[in-house]
Amino acid sequence: MDGNRQDQNKTILRVKGINKAFGSIQVLFGIDFDVRPGEVHALLGENGAGKSTLVKILSGYLQPTSGTIDVAGRSIELTDSSVGEDQGIVLIHQEFNLAEQLTVEENIFLGREAFRSCFLDKRLMQARSRELLQELQCDIDPDTRVQDLSVSDKQMVEIAKAISRDARVLIMDEPTAVLTTKEVKVLFRLINELKRTGVGIVYISHKLDEIEAIADRVTILRDGHHITTDRTDNLKPDDMARLMVGRGLNDMFPERPPLGGDADVVLKVDNLSVPGHVMDASLELHKGEVLGFAGLIGAGRTALMEAIVGLRERSGGKIFRHGQEACIRSLGDASDLRMAYLTKDRKGCGLLMQMQLRPNLTLLALDQYGRYLIDEERESKALSKAIEEFDIRVGDVSATAGTLSGGNQQKLLLAKIMQIDPEVIIIDEPTRGIDVGTKHQIYMFINELTRQGKSLILISSEMQEIIGLCDRVVVMRSGFVTGTLSGDEIEEHEIMRYATGLKGVERDDRISA
Amino acid sequence: MTELVRSMTTAMRFDFDFKTYGPFLALLALIILGTLVNPAFVSEANMTNMLTRSAFIGIIAVGATFVITAGGIDLSVGSMAAFIAGIMIIIMNTLLGTLGVGWLTILTGMALSVVIGFAAGMINGLVTTRGKIEAFIVTLGTMGIYRSLVTYFADGGTLSLDFSIREIYRPIYYDAVLGIPYPVLAFALVAVAGYVVLNKTRFGRHCFAIGSNEHVAKYSAIHVNRVKTLTYVLQGICVSIATIIYVPRLGSASASTGVLWELEAIAAVIIGGTVLKGGYGRIWGTVVGAIMLTMIGNILNLTDAISNYLNGTVQGAIIIVAVLLQRGNWRRKK
């Protein structure tokens, strides 16, 4: 404790009482947070806990509604991300901020190009880039175009770019989400290197093992509140998990009666492959069942489901509906077989953000609304019904989908796919980035659907969701199905063992993407 | 018309909505200006003349509204018009011998022109969608191809319709039913059909969806490639209809036929409030845009205050102002 007090004088970055509201919705409540030189301070929390909002405030991308920010003991206002960078606070985004068409060197010096008289000093920038990359023990040629780099190399370039800006605080938002195990090791070595040079690192993740391995201190957020800040040594993974979730799982998930063993198989997939993503995956889905798909990001779950509903090319495998082989070559074929897919990419693939709710709702099932001309009156009725049924909270029905909150968008998307009255519903990360209240509602919808005899496949990266909702769980890893769990086997550690390759079919051959 | 009234009243209730009815205001301003410049402007003869002249660009622009709403662009329409006109003249001149001087020859020529327009649009659409090449590049290519083909067929000069056929064909441009010239009638029919298809059918809704976000369209079981190709086919058919009423006007086609029509058509679409990057389109706006472009030239003809040579300058300024006004509204909404 004494050590802590001494260190407090040395913080590089400290925020106090940060509140943040978007419109009427408050997402951060009086957060205190600080970073010291040469430490890794992990920021832990569920999706939607406010981690991303907090780091955007730390780096100047967002401004807090109230609260103070001190950099090296001086109070400042981060009015812009460039102000943050000038202060040595650099955020490495989840989606990289690199210009794909430019070279590594051009990216590193983007906006801070070196000049000799009025021309670019190419030679100096080349040499400096090479030096930086060498420091990171990374053998990328500065002349390579960023678009030709692997994901981990892109991350290295981001880090090199940050260091070239003399970063004092480096904020990494889920840096390992896109990395392989080997690449994670390289990243961790690099982080240790940076620590030695006195850089403070804010590390966001919800992988507890990583936090244990790399973090000196942990701050846990839940629903926008600061829960605790402590040394990593003082917290066991179980404590962290409990503090993150903060409530018994029973409160969140509806009670479900166990599924009878003799329910019909409504969907069966045999040895389906998607080039570069999935190898020989099989599954069986019973009537009224919720079948979970667990695994790390990039395990091939989404690719498998998109291939099943005809959104992706597949290179082999058979699909059966009610025991009959089905020919699904497009999403339209899947719809005709009463199968629906709810995308995880709400903004990119789910809804037309600039368009009103009505055309969004009926887009998938438009042929039901008139043979030649669209019956707009019937559409409006359908919208009123959907708004009520799915509790979509919208002030003005002529509003565009983009003006809805994430949770209401998700409910609209759910209403949209339900328009075709599907029997098999595949939902991909249905609660990503939405608030706890809406999450609970979506769980209730899922339960209600199975009660009506619909069958669901649920892809989720949130372990509690998989455990709380699913009758059986299929685990995937690197494109392979590694195990299927049911009953008491559905438990976090067991799932992680299959997901990380400690257990299950031993396949070391990663499918090259 | 009721729709117009409704949109006007909603616009009044909120603050001034340029986006919805700016084009009509601009048209009204132009009419007032024209009348002030020369009272002959509002004469029935002048009005009819103007509408007739705006029919070519107008019909092509209705097709362009579909292409642009679905997120595409077609630069080849001017060249395509010249090409179709040239081929049509060659066909009719050739058929003279077998089918004789009469409507049969002309109707065959017209039918074939529609077939060529259909095929040319299909080529633009298929190369864009199957070849995964940007529409700008594809249609820039076909624009050059059609232009040079018509020059080649005309041997660098002019292709002229046989005089005997021209006498019979002439009324299609110069005559009228119930006081409405045929070109205006054709324009009106194409515009109404375009309005219904774009706003009331599944195909139209799919155009909006694709232009807004192709991924969302794909994930909504829309056959994206099919719909996009169809927009180019519609565009091709519109070009052939425009050509059918254009040929009897001069009875000839040359390398300079339809030059810059593609830009005038796109300008009409944009003035009308359709979003260039897709996702939002408006047929009646396009109609107003096409009429405005012709009206500007007409007003400059009727006045000595500004040289007729500055036609392009005024048109250009109006296009930019139109888009500025529409965007001003976007920003306020946010």
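**Figure 1. Salt bridge between B:Arg205 and A:Glu379 in the predicted model**. B:Arg205 forms a salt bridge with A:Glu379, and the closest N and O atoms of the pair lie 2.7 Å apart. Across the interface of chain B and chain A, 2 salt bridges are found by the rule. Polar contacts between chain B and chain A amount to 7 residue pairs, counted with both residues at pLDDT 80 or more.

**Figure 2. Elements of chain B on the side that touches chain A**. Three helices of chain B, α9 (182-200), α10 (202-212) and α11 (214-218), each supply at least two residues of the side that touches chain A. Of the elements of chain B, α10(B) gives the most to this side, with 6 residues. Sorted by class, the side of chain B that touches chain A comprises 7 nonpolar, 8 polar and 4 charged residues.

**Figure 3. Extent of the interface between chain B and chain A**. The size of an interface is often given as the accessible area lost when the parts come together. Chain B and chain A bury about 2,000 Å² between them, and 60% of this area is on carbon and sulfur atoms. B:Arg202, B:Arg205 and B:Tyr219 supply 40% of the area that chain B buries against chain A, more than any other three residues. In terms of contacts, 19 residues of chain B meet 31 residues of chain A.

**Figure 4. The open six-stranded sheet of chain A**. The 6 strands of this open sheet follow the order β18-β19-β20-β15-β21-β22 (chain A), and their pairing is mixed. At the edges stand β18 (339-342) and β22 (480-486) of chain A, each of which pairs on one side only. From one strand to the next, the twist averages 15°.

**Figure 5. Pairing of β15 and β20 in chain A**. Strand β15 (residues 290-295) of chain A pairs with strand β20 (residues 455-459) of chain A in the parallel sense, over 4 bridges. Within this pairing, A:Phe293 stands opposite A:Ile459 of β20(A).

**Figure 6. Helices α16 and α19 of chain A against the sheet strands**. Helix α16 (residues 406-418) of chain A lies across β18 and β19 (424-428) of chain A, and runs at about 165° to β18(A). Helix α19 (residues 492-500) of chain A packs on the sheet, where β15, β21 (472-477) and β22 of chain A are touched by the helix. The direction of α19 makes about 30° with that of β21(A).

Technical notes
Residues are numbered from 1 along each chain as its sequence is written. Chains are lettered from A and ligands numbered from 1 in the order in which they are written. This is a predicted model: local features need pLDDT of at least 70, side-chain atom pairs count only at pLDDT 80 or more; totals for chains, interfaces and linings use all residues. Side-chain values use heavy atoms; hydrogens and water are left out. Contact means heavy atoms within 4.5 Å. Buried area is the accessible area (1.4 Å probe) that two parts lose on being put together, summed over both. A salt bridge is a side-chain nitrogen of Lys or Arg within 4 Å of a carboxyl oxygen of Asp or Glu. A polar contact is a pair of N or O atoms within 3.5 Å; within protein, one must be able to donate a hydrogen and the other to accept it, and residues adjacent in sequence count only if both atoms are side-chain atoms. Ala, Val, Leu, Ile, Met, Phe, Trp, Tyr, Cys and Pro count as nonpolar, Asp, Glu, Lys and Arg as charged, and the others, Gly among them, as polar. Two strands pair if DSSP finds at least two bridges between them. Axes are lines fitted to C-alpha atoms, for helices over the stretch in contact, and angles run from 0 to 180 degrees between N-to-C directions.
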